[in-house]
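Subject: Structure for you to look at

Dear colleague,

I am handing over the structure below, and I would be glad if you read the notes that follow with it open beside you.

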Amino acid sequence: MASNPRPLIGLLAGVTAGLVASAAMAAFQNQASKLIPKEDQSNGDPATVKAADMVVEATTGDKVPEPYREASGQAVHYIVGGVLGGIYGLITEYRPEAASGFGGAYGVVTSALLDEGAVPALGLGSGPAETPASIHAYGAASHLVYGMVLEGVRRIIAGAR
């Protein structure tokens, strides 16, 4: 356990770093998606848009209107990234070893929990067995970028622990 943990600094640094890391992840995905074979790409809405639909349907009974679908998916992406960053920032204040692999380990764990677990469990995407290998690699690489940028920005803000 780290001496003198700073939970508020960890939380704020983590949320901020999570938002920056989410932007880096989106930029990476924009370029990496060009490498995925067309037959492996989904024609439906991304999981983030489906998640936004779930929230809006639960509150209004309707899906997100067409002009706002892309923006709603981006909002979900950044909200989740900020929350996961805040959790990471708190964890690293108490357990600096959570930054293993310069945040890469956390990124891979988030990929497993979200892409391989929560997304299929919530009906937002296919299960791991039905997902092409290229999509698994794309997701893992995207989350690896997220984790490493998360740690880099967190360190700039809060310092190495």
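A residue is called buried when its relative accessible area is under 20%, exposed when that area is over 50%, and partly exposed in between, with a 1.4 Å probe and protein chains only. Please keep in mind that this is a predicted model, in which local features need pLDDT of at least 70 and side-chain atom pairs count only at pLDDT 80 or more, while totals for chains, interfaces and linings use all residues. Residues are numbered from 1 along each chain as its sequence is written, and side-chain values use heavy atoms, with hydrogens and water left out.

Threonine 92 belongs to helix H3, where helices (H or I, at least four residues) are DSSP runs numbered from the N terminus. Its relative accessibility is 1%, so threonine 92 counts as buried. Leaving aside residues up to four places away in sequence, threonine 92 touches Ala98, Ala99, Arg154 and Arg161, contact being taken as heavy atoms within 4.5 Å. A polar atom of the threonine 92 side chain also lies 3.1 Å from the backbone oxygen of glycine 89.

Two packed helices are described by the angle between their axes and the distance between the axes. Axes are lines fitted to C-alpha atoms, for helices over the stretch in contact, and angles run from 0 to 180 degrees between N-to-C directions. Helix H3 (residues 69-94) packs with helix H4 (residues 104-121) at an angle of about 130 degrees, and their axes are 12 Å apart. H3 and H4 are therefore oblique to each other, since angles under 35 degrees count as roughly parallel, over 145 as roughly antiparallel, 65 to 115 as roughly perpendicular and the rest as oblique. On the H3 side the contact is made by Val80, Leu84, Ile87 and Tyr88, and on the H4 side by Tyr106, Thr110 and Leu114.

H1 and helix H5 (residues 133-158) pack at an angle of about 145 degrees, with their axes 7 Å apart.

Finally, two residues deserve a look for their backbone. Most residues other than glycine have a negative phi. Asparagine 4, however, has a positive phi near 55 degrees; asparagine 4 sits in the segment before helix H1 (7-32) and is exposed, with a relative accessible area of 64%. Phenylalanine 102 likewise has a positive phi, near 55 degrees, and is found in the loop between H3 and H4, where its relative accessibility of 36% makes it partly exposed.

How values were computed:
Helices (H or I, at least four residues) and strands (E, at least two) are DSSP runs, numbered from the N terminus. A polar contact is a pair of N or O atoms within 3.5 Å; within protein, one must be able to donate a hydrogen and the other to accept it, and residues adjacent in sequence count only if both atoms are side-chain atoms.
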